[in-house]
Structures are given as structure tokens and as C-alpha cells.
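Q: Please take a close look at one part of this model, the place where the two chains meet. Describe it in one connected account.

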Amino acid sequence: MNDHITIDDFALIVLSAIAMHKNVIFSGKSSITLESKVTSLSETCSKTSISKLITKLHLNSLSSELIKGVCENSDVLNHFIPLISKDANKRLQRIRGLNFVNKVLRNVNYMLIKDLDIPFALLSDLDLLLYDYIELLKAAITLENEGCSIYKFRLLAHPFKVMATNCKDGTFEIDLYPHPMWIRRIVAFNDEVFKTKYFGIRYGIEVPLPAPPMDFYLAATHAWSHLRLTLAETLYLLKLSESIKEEDWFQILEIAHEWGTLDSIYTVSLVVNTFSSKVYGYSVIPEEIIKEMKKKYVLRGKAEKWLYSIKRMEFPIRFPASLAVFYSSLYGFQVLWKKGLMSALYGVLSTYLSYSSNLFLKKQDSI
Amino acid sequence: MRIRIDKLIGWILVVISLSIISIFLNLFLFTDLIVIKIMSLISILIFSFPLMIGTKLIIYEPVNRVSAEILLRHYSGKVKPMCISFSGIDGAGKTTHLYMLSKVLKDLGFKTQIFWMRWPAFTSYPLLLLGKLIGLTSRKGNFIEHKYYLNKAFSKVISLSLIHDFVLRYASLKILQKLLRWSLLLDRNILDLVVDLHIWTRERLLFSPLFIHLYGILLKDCTVIVFDVDERTALLRKKDTFDVPYLRAKRKLYSLLSKLLSLHTIDTTQSDIHLTFTSVVGNLGLQRLLELYVLIKTKKTSTKNGV
């Protein structure tokens, strides 16, 4: 169905740079000669092309350190050293933050969420989901004891979502989430997420994480709430999809059905599958799962139509406002209504707030 | 309530500009003169700016620096008020533990109120006086002895009357709790009244399935813990209690009631007060609040010591 779609060269360059750096990100065999992309860029390595590449990398939550693998021209590279160092420092701060959190929040029941575990991922802050308000207060008190300053968020933010910064150990920021929620739209019960908790390794540190199916669900709904899917997110979702068993997909679908997030899961899955089939030659999310989603998601046709209309998959992929804002808010309201009027209203408000902020920042097409 | 000057200015701007806009809108809609129409439209456009600024001032919230303590206060104001009640014979440690619990909850920012629920008499006073006049109540040393069981009819009436008074008092407290968002800490409850009444009246009705069901309904929204203690230890702890057989009889009744209503019982005979308190908190499902309390205390101590 999506044979006509081509993949942005930028994505292929990133993929090949990552492949050269880490050997593999994803075990599938590439159907495209990735090395040739790096070589071709290396030959035309100029300040303008690298500057454009860095802008795109940042838009896709990736670090400019990646260019070291794609450009061998030392003059050009030297020009970008301050920028590369800045990104490297940002990544280093995040690792410091993770170390700090791991050390001080030992007695707190938390989980690291929205952590894109792929090489060169550039994430601004550490997002911690707390088991409940008591755990959040414990975390806030502990962090305050450790010299961090606690801040509350802006308009419409949950009264218990707080940010800790200026901690003694570094300049990192820690966001404490009382619920798995994007702005004010809750996408799952805390219990549902915490029952999947396991300890995984990130940057050599043992951290509590949601299991891959839940991680996929959170990453996909988060991307949808921001109305765009970055390359870092796509690669991470791809990586996660590989480790999700078929029965676990059904659990994701159940949660998505319950919380009115099937639209995000379905559309993101279509994108990930298209990307994987273009790059690696096969769909990473099983066909049965896609069929099951189709059965449950009424507006599937609109998502398919949008994907079909794309000729070139350019990252970050911007979801159409009609689908991710208008229809999504209607569908979300219809489902969340059963959970209470406030949940439904907050769901709609969150969608439109995200859309309007994107509009102000000129990141989104109009509906 | 603290008035935020930015919000106040915002509201003033919104109200004034909306009033002016509505005047010009009326002019625009109901006049035939094209000049006035144009002037009104321009005025509407001009006054929409202060309207926008005012709205922005009202809805805009900067990233506020807060302390964990503010968050804590916010939390305790949001959670559903609790109702906790302790039952048991005299000297079992109910009041001590209730005050300890109250201190913890108050330090965490909860609005707690302790109520002594042993003596609910309200409309029953005439009956109690009658009991005294017909010789069913007498003084025995320092204690007042009720022998209502000597008169069967009176036993039934006084039992029902005191239970009725308890229900009235309890219902009033529950209403107050809802209105004022109090966390209720009740020193004794219906069980203690039933035990006392049974000793005074020997009335079987008090343990009938219907009444047991009624006690269950009354205590539905309240977490009840029955404190148990060896009679001799109880006498050592509290000198003004009756004798061992009296306490033994009461213990049996408490044990029966806690079984019938599936309530938690905590034996306080042997253990250290802090251990018992931890166990009480655990049984109430509040151990994580206690952890939070310890964390706050540690923080306050280290701040005091300048660490």
C-alpha cells in the first residue's frame, strides 16, 4: 500500500552513522546500502550542509556529535566544535542526573519514562513517573534536601507535576510526573505502568523502567500529543517493537482502547511499520496487531489516507492537525467521558493547547 | 486568601474592556449611520487589545518556585479526609496512639480532629435520670454501677436510646467532616458503647444479626482498630479502672465484636509503644505517610542543625 513512499536521506544518514557507531540499532538487515549515504555526505561535507544537518538533528532529538561520523573535513568539523561540545555536555549532564537520581531516590518508587535509548539521543531532562502523590512528595522532599530547587509548571499543568533543578550534582533538570500524562491528558493508570516496572541499564546505570510494551505505548502517545514523531522516537519505537511479544501488543491495545489513545498507537504503528519495511524490508509490528487495531479504531481510514498522501517520509513527521487534534479530541472526549467530565475536558484542552503552542512556534499546519 | 495583583489588574482590564466593547457592539448593530458603524468597529478593535492583555494576565501562570512543604500542604488539602477510630478496654493505649497519629497527620498538613465517643448521651438524659431514681444506677466506691439488667423493659429502651444518640452524634460529625474536610480521629465508637451497654443491660438484642449489620454500616467509612491488652497490664496502666473480672468480660465482648465485624485487633500487652504505633499505622494503610513524616522530620532536624 505504501510502496510509493520514500525515506528522507537525513534519516538514512543518521541510521548509517548510528550503525557505524554502534554496529546495529535494530537486528533487521538493511535493504538500503546505508554506508553509501555516509560516503556521499562525507564527499559533499560543507559548513552549510552540516549546519542544515545539525538543525535537523536537533529537531529530531539527536545530538550533533553524530556529525563526527559523517564528516571527515576537519575544517568544517572545527567550526562546529562549540555546538558539538554543548550537545555532548547536555548528554553528560543527563547521565549525571541519572546517576544522581539513582543515588538519592533509592527509597522512592519511581520509573524513568520517555528515555529514548538509542545512540546520540539528545534529551533535555529526566522524566520520572512516581507511583503516587506520596512517592512524588517523598521525591520532592528528598531532592530539596539534596539542594535542588522545586518549581511548579505553567498554565494547565497538573498541580503535582514539578520540576527539580539547580541540584548540587549538575545542571540537569528532573521532571516529576504524578501520572503518565501529557499536559493534562492521562494516558494510563499509574498501576498499569508500574506493574510492568523492571530494572534496566541506561548508560551503565541500573534504572527502573517500564517494560518495552508500556514504554512503546508511552513513547507513541507522547509523540502524538506533541503532534510530531522525531527520528529518535521512531528509532526507539522500532527498537522496542522488536522486543515486544505478540500477546503484549494486545495489552497495549487494551490500554489504548480504554484511554482513547488508539488513534496515536495506530498512526504511529503505521509510520513505524512503513519506515521499517522501507529500511529493513519487513514490518516490525505484526500484521495481526495492525488488523486488530483497525477493528477497534473507527477513524483508521483517515490515518491510512494521510499516510498514503505522503510521498517522502521526512523527519520529524508532523501528524496532520485534522487527525491529531480535531478527530483525536473528539475521539478522546468520547472515551474519557466515561472516566469523568474533568478527564475528558482536560484531554481536549491538552490537545488544543499543544496544537496552539505549536502554531505559535510555527511548527504545525492549520486544521 | 492572598490577592494576586497581576490577576486583579487582569480582571479589571477584562471587565472594563468588555463593557466598552459591548457598548460599541450595540452601536455597531443598531445604528444606520455608516460613520458610526466604522467608528464603533475601530473602537471594538482598539478595546480588544486590553481585553487580550487582561485575559492573558488572568490565565498566565509563571513557573513558580515552590517548596516541598507547599506541595505537601496542597496534597493534604486535596485527599479525601480520613476517619479512624480506636476501640478497646481502658488502658489498652487507644488515646495515646490516637494522639501520636494526630501529631503525625497534623505535621503532614491534615486537618485532624479528635473526638471522644464513649458517652454519646443526648436525648437519653431523662431516661438515665429515671434509672437513677428507680435505683438501677448506684455508686460503688469511685465507680458508677449501672444495673439496668434488673428491669428488662428499661434495658431495651435505654439501649435503643443510647444507640440512637450515638447515631445522631456520629452523623453530625460526618456532616461536619464533609463540610470542613476534617480527618476524624475517634477515641472509641459504637463498639465501645455496645460493650458497655451489654455489661449494663445483658441485652441479647445488641448482638443480634440485625444490630451487628447496623454497626457494620455505621463503621463503613471509618477504619477501626480494636486494641487488646491483658487485664492486669491494663490495671497497671490505668489505676482508675474496675477490676480484673470486669475487664475480662469486656475483652471477651470486644473479641466477639471484632470477629463478627472482621476488624483488626492489635495486642499492646508486650510490645514497645513505637513498635505498636508502627503496627497501627501499618494496619491503617498509612505506612507510606509515616515514611513521609520521617523524611520531613529528618529535613527539619538537619535544617535546624544547619546541615
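**The interface of chain B and chain A**

A: Strand 4 (residues 149-152) of chain A and strand 1 of chain B run antiparallel and are joined by 3 bridges; strands are DSSP runs of E of at least two residues, helices runs of H or I of at least four, both numbered from the N terminus, and two strands pair if DSSP finds at least two bridges between them. In this pairing Lys152(A) stands opposite Asn64(B).

The model is predicted: local features need pLDDT of at least 70, side-chain atom pairs count only at pLDDT 80 or more, and totals for chains, interfaces and linings use all residues. Residues are numbered from 1 along each chain as its sequence is written, chains are lettered from A and ligands numbered from 1 in the order written, and side-chain values use heavy atoms, without hydrogens and water.

In contact (heavy atoms within 4.5 Å) are 21 residues of chain B and 22 residues of chain A. The buried area, meaning accessible area (1.4 Å probe) lost on putting the two parts together and summed over both, is about 2,200 Å², with 66% from carbon and sulfur atoms.

There are 3 salt bridges between the chains, a salt bridge being a side-chain nitrogen of Lys or Arg within 4 Å of a carboxyl oxygen of Asp or Glu. Arg288(B) forms one with Glu135(A), with the closest N and O atoms 3.0 Å apart. On the side of chain B that touches chain A, at least two residues each come from strand 1 (64-66), helix 3 (68-78) and helix 12 (287-304). Helix 12 of chain B gives the most, 7 residues.
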